Every structure is written in C-alpha cells, then in structure tokens.
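Hi everyone, thanks for making the time today.

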Amino acid sequence: MTAPLKSRAAGHPAPLIDGIEKVTGKALYTADLETSDALAGRILRSPVSHGEIVSLDVSKALALDGVRAIVTADDCPHTYGVIPVAMNEYPLARGKVRYRGEPVAAIAAIDAHTAEQALELIELDIRELPAYYTANDARAKDAVLLHDDKPGNLDREVHHEFGDIADGFAAADLVSTEQFECAEVNHAQMEPHATLADFDAERKQLTMHTVSQVPYYVHLMLARCLEMDTCDIRVIKPFVGGGFGARTETLNFELITGLLARAANGKVMMRLTREETLITHRGRPDTQVELKIGMSQEGRITAVDCRVTQRGGAYAGYGLVTILYAGALLHGLYDIPAVKYDGYRVYANLPPCGAMRGHGTVDVRHAFECMLDRMARQLELDPFAVRSANLLEAPTRTPNDLMVNSYGLPECLSTVEMASGWHERKSGLPPGRGLGMACSHYVSGAAKPVHWTGEPHAVVSMKLDFDGSITAFTGASDIGQGSTTMVALAAAEILGVDLARIRVITNDSAITPKDNGSYSSRVTFMVGNAAIEAATRLREILIAAAAKKLEADPQDITCTMETFSVHGSEQSMMSFADVAAAALAEDGTISVKGTFTCPPQAQGGKHRGGAVGSTMGFSYAVQVVEVAVDVETGLISVEKVWAALDCGFAINPLAVQGQIEGSVWMGMGQALCEETRYMDGLPVHASLLEYRVPTIVESPDIEVYIVESNDPLGPFGAKEAGEGALSGFPPALVNAVADAIGLDLNTLPVTPDRLMDALVAQRRKQRRAASLKEAS
C-alpha cells in the first residue's frame with residue numbers, strides 16, 4: 001500500500017540475511033536437531049494399493065525389548081486435511097488402505113535398528129480390492145469406490161461458464177481443438193521430511209519442530225487429531241530445505257510423530273527416507289486437458305472451452321482448490337470474452353497429490369500457450385502479435401470477477417521480444433534449432449484463507465528495546481524464498497535505519513504472531529504490508545520523541561541514514577541511538593503491531609468456488625526459449641532462456657532474480673524429464689537417481705528482466721515473484737521444438753523416447769502421404 005521509495009533498503013539487491021548460516025553449514029534443519037535423548041520413529045506402510053484391513057496385531061512388536069510405543073488407527077479416530085470441508089484422510093489407515101505406502105502403524109524405539117526390527121514383527125492382514133491407477137479406470141462404471149461417499153470416484157467436479165460461448169465460437173475465423181497429457185510430478189525438494197516431537201508428560205504439553213510451510217495448519221491438525229487444547233501445543237519451524245508446495249498442508253508423518261511422542265511420554269524423531277518423502281508426495285497431478293479455442297483472423301481470442309481431468313491420488317488434500325484454480329486462471333492473463341470450464345478431480349490408488357509451485361495452473365497454461373502458437377501459425381500471425389492482440393487494460397475485472405489493478409505483460413512482451421532478437425533470429429536459425437515463447441501469470445496470495453477465522457491475513461509485531469535493536473516477529477515461513485529478508489528490508493526502509501539493526505524472529509507459535517503460511521505466493525504481499533504498517537507505527541513513536549527533544553513539529557522531522565533532523569535545518573539533528581533512548585524513557589520497551597487484511601473487492605466472485613483464484617494482484621511473465629534438437633537421439637538441449645517478470649516492485653532484486661531463475665529451472669524439469677512412475681501402485685522413483693531433475697549440466701544461460709508495474713495495493717507496489725514464470729517454460733520449450741523440427745508435441749515431459757516415437761510417427765505419416773500422392 002506504500003508507494004515505491006528511493007531508499008537504502010527496499011529496491012536494492014541484498015543477500016539473504018540467513019544466507020551465511022546456510023552456506024557455512026551452521027543452519028540447523030529439523031533432521032539436524034539434538035536427538036540424543038529422543039526415540040527413533042518408524043512407520044509401517046501398506047504393501048498393497050487398495051484393501052480392507054482384516055487384522056493388525058502389534059503385540060509381538062510391542063514385546064520387543066527397546067520398543068517404547070506403538071500407535072495405530074485406534075489411537076486417532078479423527079480425519080485431517082487442509083480444506084475444512086474435505087478432510088477424509090486419517091494419520092494411520094483406518095479400516096482400509098488406499099495406496100501402497102500408506103501408513104498403517106508406527107513405532108517409537110530406543111534406536112532405529114530396534115524400531116525396524118519391530119516393524120518386521122507386526123502382523124498385518126489385508127483383503128485386497130481392485131486398484132485403479134488412471135483416472136479413466138477409476139471412473140469406470142463398475143469401479144469399486146475408494147470412498148463410499150464419492151460416487152464415480154470423483155473428488156470434485158466444477159462447471160463454470162462466463163460470457164456467450166456459442167456466439168464466441170460463431171464469431172471466430174478459426175476454431176481449434178486439441179488434447180494434452182501432462183505427467184504427474186513431484187516437488188523433489190532438497191531436504192527429506194523430518195519431525196521432532198516432545199511430549200511433556202507432567203504438563204501434558206507437546207512441542208513440535210517440523211519441516212512445514214504452514215506451521216499454523218500443523219498446529220490446528222495436531223489439536224484436532226490428538227484431542228488437545230491448542231494452548232498445550234507449540235509448533236516451531238527450523239530452517240527448511242525447500243518446499244515448493246510439498247509442505248503446504250499438514251502431513252501424516254507429523255501427526256504420527258505427535259501421537260508417538262504422547263504414547264511414549266517423551267521425545268520422538270521421525271526422519272523419512274527419500275523414498276518415503278516421495279511417497280508422502282502431494283505433487284502436481286497427472287492432468288488431461290481438452291482445449292477448444294476460437295480466434296479471429298486478427299488473432300483475437302473469441303471463446304475458450306476447457307475440460308480438465310486430474311488424477312488426484314487416494315485422498316482429497318488440496319484437490320478442491322487445485323481443480324478450481326485450473327479453471328479460474330484461464331482468466332486474468334488475456335482479455336477473453338467467453339470461457340467455459342469443466343473440471344474433474346478423480347480419486348485413484350496412488351499417493352495423494354496436492355499443491356505444487358504454480359498450483360493448479362501449469363498444465364492448463366501449457367496447453368493454452370501451445371495452442372496459441374499453433375493457431376498463430378495457421379493464421380500466419382506472429383506469436384507475439386497474437387498475445388499483444390489479447391491484452392487486458394488495467395484496472396479491470398475479469399468475467400469471473402478477478403481484480404486486476406496492475407498489468408506489466410505488455411512491457412514483459414516487448415522486453416523479451418527485443419532481448420531475444422526474436423524477429424531477426426527466428427527465421428535464420430540452422431536446422432534443428434528453434435525459438436519458442438509463452439506467457440504466464442500467478443496470484444499474489446489467495447484473497448481468502450482456507451481456514452477462515454475473520455482474523456487479519458497477516459500480523460507482524462516489532463519491538464524496540466534498550467540495546468537499540470529492532471526485532472520483528474512473524475509467523476511467516478521462510479522456506480528459501482527470502483521472506484525473512486523481505487520483512488527486514490521493509491522495516492529498514494520505513495524506519496530509515498541500517499539493515500543490520502533489524503533482527504527477524506520467525507515461526508515459533510509461543511513467540512511469533514500467527515501466520516497462515518507460505519503458499520500461493522502470499523507472504524510478500526500480505527506479510528510485507530503488515531511489516532510496513534508495524535514499522536510505520538514505530539516510526540511515528542520515534543518521530544514524536546525526536547520532535548519533543550528538538551522542539552519541532554513532528555511533521556517537520558525526517559529520518560535518513562539513522563539520523564533524525566528538522567526539515568530545513570542543518571543544526572537540529574539527533575542520532576537514532578539518542579532518539580531511541582528518548583522514546584524508551586517515556587514508557588520503556590516499545591512494542592507495535594501491523595496487520596494486513598485483503599480488501600473485499602479482491603476476494604473474488606459470488607459464484608460457487610469464486611474465491612479460488614481471487615487475489616490482490618497478479619504477476620505476469622514472458623519467456624523465450626531457444627533449443628537445439630538432435631533428431632537422431634531425441635535429445636533436446638536448452639541453449640538459452642530470456643525471461644521477464646512483472647513483480648510490481650522488486651523489494652529485493654537479487655531474490656527476485658533467483659526466484660525467476662528457479663521457476664525457469666523447475667519448469668524445465670517438468671518439460672524435459674520429471675515424471676512420477678508407478679508399477680502396480682508401487683513408486684519406481686525411490687530416489688533422485690530414478691526421479692530425474694535437471695542438473696547444472698542441463699541448465700541454460702538465463703537472462704532475467706524485472707518489470708515493475710507498481711501495484712497500488714502491494715507493499716511498495718510489490719507483487720509475487722516466485723511462481724509466475726514457471727508455467728511459461730514448458731509451452732515455450734514445446735513451441736521452440738516445433739520451430740526447430742516442425743513437430744507439435746502434446747505430452748509432457750518431452751523425453752528422448754517420446755520425441756523419437758513422435759518423429760517415427762511423423763515420418764510414417766509423411767511417407768504415407770507421399771505414397772497416396774504418387775498413387776493419385
């Protein structure tokens with residue numbers, strides 16, 4: 001809400017304030033915490049994909065010397081989940097298992113070896129049921145239901161229509177329809193899952209350290225599943241080694257560890273292996289997109305009809321939100337007069353999917369941007385010209401009532417078009433090399449939280465004490481994106497002090513204010529605004545103290561470079577230390593608070609599901625990707641990427657650049673190689689050797705351009721920067737491959753074997769056409 005400032009802090013590149021601990025190895029992650037007095041936790045997992053639990057006998061395991069506790073479904077009769085209306089998962093399978101690897105029982109023992117021995121002694125009898133690994137199989141008429149209250153194995157279906165679809169397609173000069181398949185992918189965050197839970201048997205209180213992006217939600221679910229008062233629970237988030245959405249909901253191992261700690265009346269450390277981390281999953285679902293677009297001869301989009309089917313795994317999780325996002329964010333990027341959307345979220349006997357960077361939007365945006373290029377080709381239009389023909393004019397509201405206040409897409413387009421030499425180079429590249437482009441966008445935080453309480457969306461407290469330091473307290477989870485540094489920069493900017501004077505304390509429910517968590521790129525916008533308000537209130541107190549000492553009007557006091565002075569006077573000055581001492585002399589330690597609540601106009605439409613996709617501001621991105629394709633091996637090399645992102649205002653340009661590069665890199669993984677694979681429900685990607693992510697060897701040169709549209713509601717005009725660029729990379733790559741070898745591909749990832757199969761099919765088709773031509 002504050003206009004951009006010429007400053008010492010905001011707007012200048014700053015290394016992350018927690019970076020030293022990370023690069024020197026001093027940072028303590030959950031698995032690094034002291035565990036000499038802790039029991040080792042281990043989980044017994046289902047060996048089958050679908051079945052009824054006939055019997056579960058833990059008596060032999062419990063009798064093993066060194067075993068301190070065993071928990072089963074009998075110890076927790078409550079479901080949990082991130083969406084209050086869709087909680088259908090138990091921490092430990094209750095009556096039925098629905099995917100291979102689902103937790104059934106858990107053990108706490110004096111060491112890992114004993115715990116693993118005890119697992120072998122548990123007797124589990126399961127009557128197998130038919131299992132379904134594709135959305136089509138799960139939706140078959142005779143399919144057994146995974147959940148009795150979900151007919152057709154449908155978690156959720158969504159049907160929205162805005163504008164006149166029939167008129168839109170009738171007005172089009174070209175109507176095109178295609179189908180796309182995007183494989184399920186995992187977050188592959190560097191740090192495997194871990195949780196440390198300590199139950200105080202005397203006070204009946206639980207303290208948990210965990211890897212979460214959403215400590216507040218973990219707190220709520222612990223209280224629910226352990227039937228404890230929230231005041232008896234403390235949740236602390238140590239350093240986190242990446243999340244990307246994998247940790248935006250409470251996860252089963254966190255609840256299981258809490259149950260074990262209470263059962264053992266002590267401390268339990270649960271460290272999951274990489275295989276268990278992958279099974280815990282919550283990744284982007286396998287998605288089928290059927291897309292129909294109408295376009296005029298001038299490149300104007302006249303209508304869109306989109307049908308999406310997501311294979312969501314065994315439980316609901318974020319499914320309701322994911323399938324709504326897929327349709328809602330068809331809007332907000334381009335000016336489209338008519339949109340019809342049908343979405344289907346389907347249960348299957350696989351690990352549950354959830355939120356992943358670019359939540360809900362990546363696969364649909366991939367299909368959309370691929371089709372825009374292909375239709376441009378058919379109409380003999382330039383891809384940049386087609387995008388430019390469909391621009392919004394901010395401020396505006398979309399047909400589904402999303403608010404757009406700032407819109408830097410035009411500048412992103414012109415920046416990347418010029419930087420890449422698009423027009424000069426596109427037709428002059430050698431065989432096997434091509435250029436492709438795509439646009440994308442994303443929300444700057446969900447305007448309505450999933451747990452609606454009526455409280456502010458963000459709260460930041462600040463304290464000034466005798467030592468002259470300013471301490472900011474926030475519950476916002478820094479998972480590597482730099483939110484802690486953002487809070488410090490906002491405070492330093494408003495207060496006119498050196499960044500070194502600011503200390504930020506985060507994520508301890510006993511100390512810091514509640515925050516909803518790090519998801520949907522909400523932290524910069526919401527927590528940033530709250531930090532600005534808190535710092536502004538502290539600044540007012542300091543200015544009043546300075547004015548009193550300098551015998552001046554507070555309106556005449558300025559503060560820059562830690563010096564308070566009277567405007568127009570070179571003599572009347574006070575150092576920050578003297579002003580702080582004067583302010584503290586009045587009442588002692590100074591504490592202030594800032595909050596942020598999303599304005600009602602940002603909270604979406606009145607239609608069912610209208611809150612999903614609503615936000616205070618959208619980021620906008622454009623990418624050009626250059627590839628080299630080896631038609632003999634099917635290998636695709638990404639030679640260079642030009643990426644521009646409208647982040648409103650770059651509070652920390654260094655962090656923004658890193659986030660854009662990370663988005664490009666993650667998009668490259670989904671485009672080229674990342675894919676979860678299962679054999680009879682068993683994941684065959686047990687480590688990062690099998691689940692292949694790009695390495696530095698494959699990483700291209702990435703030229704980043706930051707565009708600043710200065711959003712009127714954003715902190716200093718800022719918007720999100722961590723997700724908007726991701727969904728543009730896969731279609732830009734596929735469009736570049738089409739430019740290089742004349743082949744349109746509709747399946748992700750574009751692995752060498754898939755590309756070779758498509759090339760073989762293309763050659764057969766060409767030979768067949770040539771033969772028919774000869775015969776005629």
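This is a predicted model: local features need pLDDT of at least 70, side-chain atom pairs count only at pLDDT 80 or more; totals for chains, interfaces and linings use all residues.

Residues are numbered from 1 along each chain as its sequence is written, and side-chain values use heavy atoms, with hydrogens and water left out.

Let's start with helix 7, residues 252-264. Helices here are DSSP runs of H or I with at least four residues, strands are runs of E with at least two, and both are numbered from the N terminus. Helix 7 has 13 residues and spans 18 Å from its first C-alpha to its last, close to the expected 18 Å; that expectation is 1.5 Å times one less than the number of residues.

How many of the residues in helix 7 are buried? The count is 10 of 13, where buried means under 20% relative accessible area, exposed means over 50%, and partly exposed is in between, using a 1.4 Å probe and protein chains only. Among the buried ones are F253, L255, I256 and L259.

Most residues other than glycine have a negative phi, and most peptide bonds are trans. E227 has a positive phi of about 55° and is not a glycine; you'll find E227 in the loop between helix 6 (215-226) and strand 11 (233-236). N507 also has a positive phi, near 55°, and sits in the loop between strand 21 (502-506) and helix 15 (523-550).

Are these two buried or exposed? E227 counts as exposed because its relative accessibility is 58%, while N507 counts as buried because its value is 3%.

Now for the cis peptide bonds. One joins A394 and P395, with omega about 0°, and P395 lies in the loop between helix 11 (383-388) and strand 16 (396-397). Another runs from L748 to P749, with omega near 0°; P749 is in the loop between strand 31 (747-748) and helix 19.

Staying with helix 19, residues 752-775, that is where R763 is placed. R763 counts as partly exposed because its relative accessibility is 31%.
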